[in-house]
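Please have the sequence and the structure open while I talk.

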6 protein chains.
Amino acid sequence: MSQNVKFSHINDQGKANMVDVTEKNVTQRQAVAEGFIKMSKQAFSMLRDNQHAKGDVLSVAQIAGIQGAKKCSELIPLCHPLMLSKVQIEFEILDSTQQVRIQALCKLAGQTGVEMEALTAVSVAALTLFDMCKAVDPLMEIDGIRVLKKQGGKSGDWQVEGMQC
Amino acid sequence: MSQNVKFSHINDQGKANMVDVTEKNVTQRQAVAEGFIKMSKQAFSMLRDNQHAKGDVLSVAQIAGIQGAKKCSELIPLCHPLMLSKVQIEFEILDSTQQVRIQALCKLAGQTGVEMEALTAVSVAALTLFDMCKAVDPLMEIDGIRVLKKQGGKSGDWQVEGMQC
Amino acid sequence: MSQNVKFSHINDQGKANMVDVTEKNVTQRQAVAEGFIKMSKQAFSMLRDNQHAKGDVLSVAQIAGIQGAKKCSELIPLCHPLMLSKVQIEFEILDSTQQVRIQALCKLAGQTGVEMEALTAVSVAALTLFDMCKAVDPLMEIDGIRVLKKQGGKSGDWQVEGMQC
Amino acid sequence: MSQNVKFSHINDQGKANMVDVTEKNVTQRQAVAEGFIKMSKQAFSMLRDNQHAKGDVLSVAQIAGIQGAKKCSELIPLCHPLMLSKVQIEFEILDSTQQVRIQALCKLAGQTGVEMEALTAVSVAALTLFDMCKAVDPLMEIDGIRVLKKQGGKSGDWQVEGMQC
Amino acid sequence: MSQNVKFSHINDQGKANMVDVTEKNVTQRQAVAEGFIKMSKQAFSMLRDNQHAKGDVLSVAQIAGIQGAKKCSELIPLCHPLMLSKVQIEFEILDSTQQVRIQALCKLAGQTGVEMEALTAVSVAALTLFDMCKAVDPLMEIDGIRVLKKQGGKSGDWQVEGMQC
Amino acid sequence: MSQNVKFSHINDQGKANMVDVTEKNVTQRQAVAEGFIKMSKQAFSMLRDNQHAKGDVLSVAQIAGIQGAKKCSELIPLCHPLMLSKVQIEFEILDSTQQVRIQALCKLAGQTGVEMEALTAVSVAALTLFDMCKAVDPLMEIDGIRVLKKQGGKSGDWQVEGMQC
């Protein structure tokens, strides 16, 4: 006799489960995320003075971050495909700590939040900064990637305290 | 004098034609598809006991199937891009026939059906099962890929007789 | 003291800016674009007679153009992801000038126009024609890629004079 | 005190493991795979007579299969990226069983086999055939996807008995 | 009796055929391609002065062109996947004709030429220039996309007369 | 008279420059990278006990990381396409700090290093951990992404002091 055992019976924990958003309302949503990359004095001052051999570090990273946001659902297995209506990447040059701060804003009118898109944009921009500067400093470090603000959707609006974004 | 001949005049059969869904209503739609992979006794019992060298066969196949559904319109030339709101992959272990049965459910609120997405999910999950087990059994066979159920849209709801899904 | 300088202060011109379409209405939109590829007598008559070694030149180019339209937002950094509801590629054989004319129509109900999708479809179809025929004529030239018509959206409908499409 | 537990200690079966081919020789390799799609009399005779509304069923499926082979390592998580040197898709029209048989050949000079690429080509071609004909027959079935022949590499050459390919 | 008819018997012209490069030598190859985009006085002078609202037109187009070259085999159905070792995009501002000239150089050590990659880079850069400037001039035209130079491979080196690149 | 000004004359800093690796030797190369994600007590203990609603957090993240490594050259504009011969992702559960440590190893025989691939694998795995756990803790933070070790290539072998990997 055929003995059919559900996958979940062998390996409950393996059950990757994409949330069903079919019934959720289409609302305007946005999310802001940030991250940092810290580099050596030399790499940092070359970035400030636009002297890295691979070109304009921030321009390339900005475009890579925007493109990265659009690829989120390809990269993160359980993310839903989304039609982003806005992606914005900004950089701040933090002299005192030799860091570049990356901030990404994503927006859409849709059924699910866009914080993963904003985090992906920050991560891809940070990786691109790494790639552009690594010939000078291979020991850079990417830190502090997190969500700062979320608006729209069932869970309501929230914002990390003390942040303006 | 210029003599303009439509492509269709040389080669009518070459005319690939994407259906125009611009005027179709956005409705809730879902589809369920299934497929099977049959393997040798050894490969099958190793799958049951989670001993394949490449890792947890079903977990990897499940994620590949979900990701595959999202890539449907990239793979199938005349499929429309869609925003799936749910993809679910389940496996059944069929001891009597040494088969794994794969079932995929896809959902969205959109202008066109999602049976191709469900079939793509099943196919990519089956191919991944093949890849994970082929070192033990290179002669596996993938069979019985079909649509079991379709809901929503102009053509109405239908279901293969005798199936519960 | 930390001294935070906005990216825009170092390099205003590097600020890639994706237009925010969050508030725009979802309306029916379409665009038509065209382009031309000119080839040698030999390559052209082989195309007419379907004798190129790589296969049916127009069929392959047509499918490539449709697939290309769907990849527009992956290729063009500041394009929004869209759900095209229709892509149509047509060819005309222009004997007097040894050219193939490519025309692409794209449609969707969405928040932004589809002329970049139509232009991308034309470009990818033209590149594919080049690839299929280049063994015979490596000196072909692609010309005249432009938008012929646009409908829907805030900027209103317009059409290049004297065109019917 | 920090207590570091390897992932493998919690969940041995979750360990997805890409085979290390760094030390393997670059050799010429090829693989042949096949699959079948069975359809209703009406859908089948329309395919024979090239009357499906979506266009030339076999041309579109052939190109989709070739493109699918190139996407194999994107679809199958533990496949290595490869540079295929040849992909060939052929169809046979099996009147007695109302089936189309799909055969794919993949070749490369590389460090690992190409049977997954050939199976992916067959699967994507079969899915495309389904998509092109589903308006007429939504109950088609894809069957018999398997590897027929493999050449090159450590495991030696083999071929399913009685096949010529 | 089963009656098996090869696809080629029904539809010879549908036979898309990827060239088999398995036996070709790995040699150093490069190709240079060019193209032009012509715009209105206003759009052109805004490009010169870096005043387009979407940002630094040439920076974005340059990166898009590089990324486009890497996507060539995804876009052009019968192109082989390649590992480009160099992509370079340059622009010239042609005041007398209100055009931007785009030049792309691609290099690799491989079994097949890279002119399609160079042409794809030019095309995607041109499309991106169009996208960045279209709010000011929706009637721009892309012209003169062709191969200027090819080195390496069986067909020998050649160069369009009178060009230095 | 036509007056041709090189792009570099208007905007030197915009010049994105992919390193030319055509002449570099094919050698065996590998890189190891790490990163961390810190979460709340609740999210962390649910991860340990495999109770997150989206499924087996570490399995999904492991596969996403492997797939992410293969997408590196699509994400990072100036990275070369590579044929990775091995990607390995490992996790450590750090109880004392409520962190998961992610380590990625990438290998290939090629003309350029694989540290960007390893960093991308770590980043995508970290983002996936975030996605799997964010319903419980939306304030997680990703930190400490860096290269630990690099072997092969012109720049010689190096390793962050005190690390074993």
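This is a predicted model: local features need pLDDT of at least 70, side-chain atom pairs count only at pLDDT 80 or more; totals for chains, interfaces and linings use all residues.

The sulfur of C79(A) has its closest cysteine sulfur in C72(A), at 3.9 Å, and that is too far for a bond, given that a disulfide is taken here as a pair of cysteine sulfur atoms within 2.5 Å. Over all chains, the structure holds zero disulfides. C106(D) is likewise in no disulfide, its nearest cysteine sulfur being that of C72(D), 8.2 Å away, and C106(D) is buried at 0% relative accessibility, where buried means under 20% relative accessible area, exposed means over 50% and partly exposed lies in between, with a 1.4 Å probe and protein chains only.

Residues are numbered from 1 along each chain as its sequence is written, chains are lettered from A and ligands numbered from 1 in the order in which they are written, and side-chain values use heavy atoms, with hydrogens and water left out.

Let me come back to C79(A), which sits in the loop between α4 (72-75) and β3 (86-94) of chain A; helices (H or I, at least four residues) and strands (E, at least two) are DSSP runs numbered from the N terminus. C79(A) counts as buried at 6% relative accessibility, and, leaving aside neighbours within four places in sequence, its contacts (heavy atoms within 4.5 Å) include M116(A) in its own chain, K70(B) and D131(F).

Which residues does UniProt list under "binding site" in chain A? The unreviewed entry gives L78(A), C79(A), H80(A), M116(A) and E117(A), with the caution that UniProt positions are given in the numbering used here, feature names are shortened, and annotations may be inferred rather than shown by experiment. These residues span 40 residues in sequence, yet no two of their C-alpha atoms are more than 12.5 Å apart, so they gather at one spot.

H80(A) lies in the loop between α4 and β3 of chain A and is buried, at 8% relative accessibility. Not counting residues up to four places away in sequence, H80(A) touches, among others, E117(A), L84(B), S85(B) and K86(B), and its side chain reaches the backbone oxygen of V19(A) at 2.6 Å.

Finally, two backbone details. Q98(D), which is not a glycine, has a positive phi near 55°; it is found in the loop between β3 (86-94) and β4 (99-110) of chain D and is buried, with a relative accessible area of 18%. N50(F), also not a glycine, has a positive phi of about 55°, but N50(F) is partly exposed at 25%, in the loop between α2 (41-48) and α3 (57-70) of chain F.

Note on methods
A polar contact is a pair of N or O atoms within 3.5 Å; within protein, one must be able to donate a hydrogen and the other to accept it, and residues adjacent in sequence count only if both atoms are side-chain atoms.
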